[in-house]
Amino acid sequence: MDIVERFISLNEIDGVFVRTKLQPSDSECALLLKAFSHESEKQIEEIMSALAARDWPRYCVTVHGIKSSLRTIGAAALGEFAYRLELASKDGGDVAVCVAETDDFAGKVTKFSEKIMSILSEYSSNSEEKEQIDMPALKDLLARLLKACNEFNLTAADELLTELKKITTNSALDEKLDEIAEKVEMIEYSEAATAIKNLKEEGVF
Amino acid sequence: MDQFTGGKKKVLVVDDVAIVLMRTAKTLSGLADVFGARLLAEAIPIIEEQHIDLFILDINLPDGSGMTLLDYIRASERHAKTPVIMLTANASRNNIKTAATKGVTRFIAKPFENKDLLTAFKFCMNIK
């Protein structure tokens, strides 16, 4: 069974109805689902924090964002749930609904996200051979990646990410490079740029 | 060849949802250099520094509205006539009407299919 089929099987979870419009290859599908899980964790934290503070504009913007993510990956029923909360919180309209139902929503999204991560872990493979890179080449690669991140150039960053994932320094530095790669993959460019600058300041390259 | 960049078209996507940025970049890969911003505050420096050939804008953003950004784009000398696609879950009649009066070229409702985005891209770029 491929990733898309496994993903559709998540209908088994209560409150999730998957009608996926994902059409890319397995690897791209995996990337989108990974990004969803990564992002939804932060969004749920933000929603719970906004709820606790009764900050309805912040709640509304965040729940709108997670609705968009859910609908983009095809999780229709959860997307509708988010939409209901968005409407209820809009201009503080019917916040009693938000107070009563946010816990249930957060629990369902979290469970859904955990299931996705569980599926993705079955498909992940770290067996690809990596090529040793020397310091001047690494310095050049990171400088180009820093420029792409600073410019928010998705195309260039994506191409450089592919290069970054293929190389190794065979040293402790690899762990930091993996962290940078993860941030670039999740389009957290400001954080990636900061991590690259930190390496530079530490004199690593 | 593009007269401004001498190469691929430049597209700026403004959307706070990472997977929308990812999908757009993957869908247009090979056709355009895609820049992405998750906030108005991130988008404005890109608009000032780059010559963008096509904008793809969401409406609801954490620090403001895509409609405000659309006004900003239309008011700029460099991008006043640059095509704009609105890509949003808020595809209400009112939003479509407002966007049309502000000179939006195409309106795509979320969730979108890749082929819809490709068709709109080709239309805006005059690609047959």
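About 2700 Å² of area is buried between chain A and chain B, and carbon and sulfur atoms give 58% of that area. Buried area here is the accessible area (1.4 Å probe) that two parts lose on being put together, summed over both. The size of an interface is often given in this way, as the accessible area lost when the parts come together. This is a predicted model, in which local features need pLDDT of at least 70 and side-chain atom pairs count only at pLDDT 80 or more, while totals for chains, interfaces and linings use all residues. Residues are numbered from 1 along each chain as its sequence is written, chains are lettered from A in the order in which they are written, and side-chain values use heavy atoms, with hydrogens and water left out.

**The interface between chain A and chain B**

- In chain A, 29 residues are in contact with 29 residues of chain B, where contact means heavy atoms within 4.5 Å.
- There are 2 salt bridges between the two chains; a salt bridge is a side-chain nitrogen of Lys or Arg within 4 Å of a carboxyl oxygen of Asp or Glu.
- One salt bridge joins the side chains of K26(B) and D158(A), at 3.1 Å from N to O.
- Between chain A and chain B, 8 residue pairs are in polar contact, with both residues at pLDDT 80 or more.
- A polar contact is a pair of N or O atoms within 3.5 Å; within protein, one must be able to donate a hydrogen and the other to accept it, and residues adjacent in sequence count only if both atoms are side-chain atoms.
- On the side of chain A that touches chain B, the elements giving two or more residues are α2 (26-53), α3 (56-73) and α7 (154-165) of chain A.
- Helix α3(A) supplies the largest share of that side, 9 residues.
- The residues on that side of chain A divide into 10 nonpolar, 9 polar and 10 charged. Ala, Val, Leu, Ile, Met, Phe, Trp, Tyr, Cys and Pro count as nonpolar, Asp, Glu, Lys and Arg as charged, and the others, Gly among them, as polar.

- E39(A) lies in helix α2 of chain A and is buried, with a relative accessible area of 8%.
- Buried means under 20% relative accessible area, exposed over 50%, and partly exposed in between (1.4 Å probe, protein chains only).
- The side chains of E39(A) and R38(B) are joined by a polar contact of 2.3 Å.
- Leaving aside neighbours within four places in sequence, the residues in contact with E39(A) include S69(A), D16(B) and I19(B).

**The fold of chain B**

- Chain B has 5 helices and 7 strands, which are DSSP runs numbered from the N terminus (helices H or I, at least four residues; strands E, at least two).
- Along the sequence, the pattern of chain B is β-α-β-α-β-β-β-α-β-α-β-α.
- The C-alpha trace of chain B spans about 40 × 30 × 25 Å along its principal axes.
- Of the 128 residues in chain B, 54% count as buried.

**Two residues with positive phi**

- F152(A), a residue other than glycine, has a positive phi near 55°.
- F152(A) sits in the loop between α6 (135-151) and α7 of chain A and is buried, with a relative accessible area of 15%.
- N126(B), also a residue other than glycine, has a positive phi near 55°.
- N126(B) is in the segment after α5 (114-124) of chain B and is exposed, with a relative accessible area of 69%.
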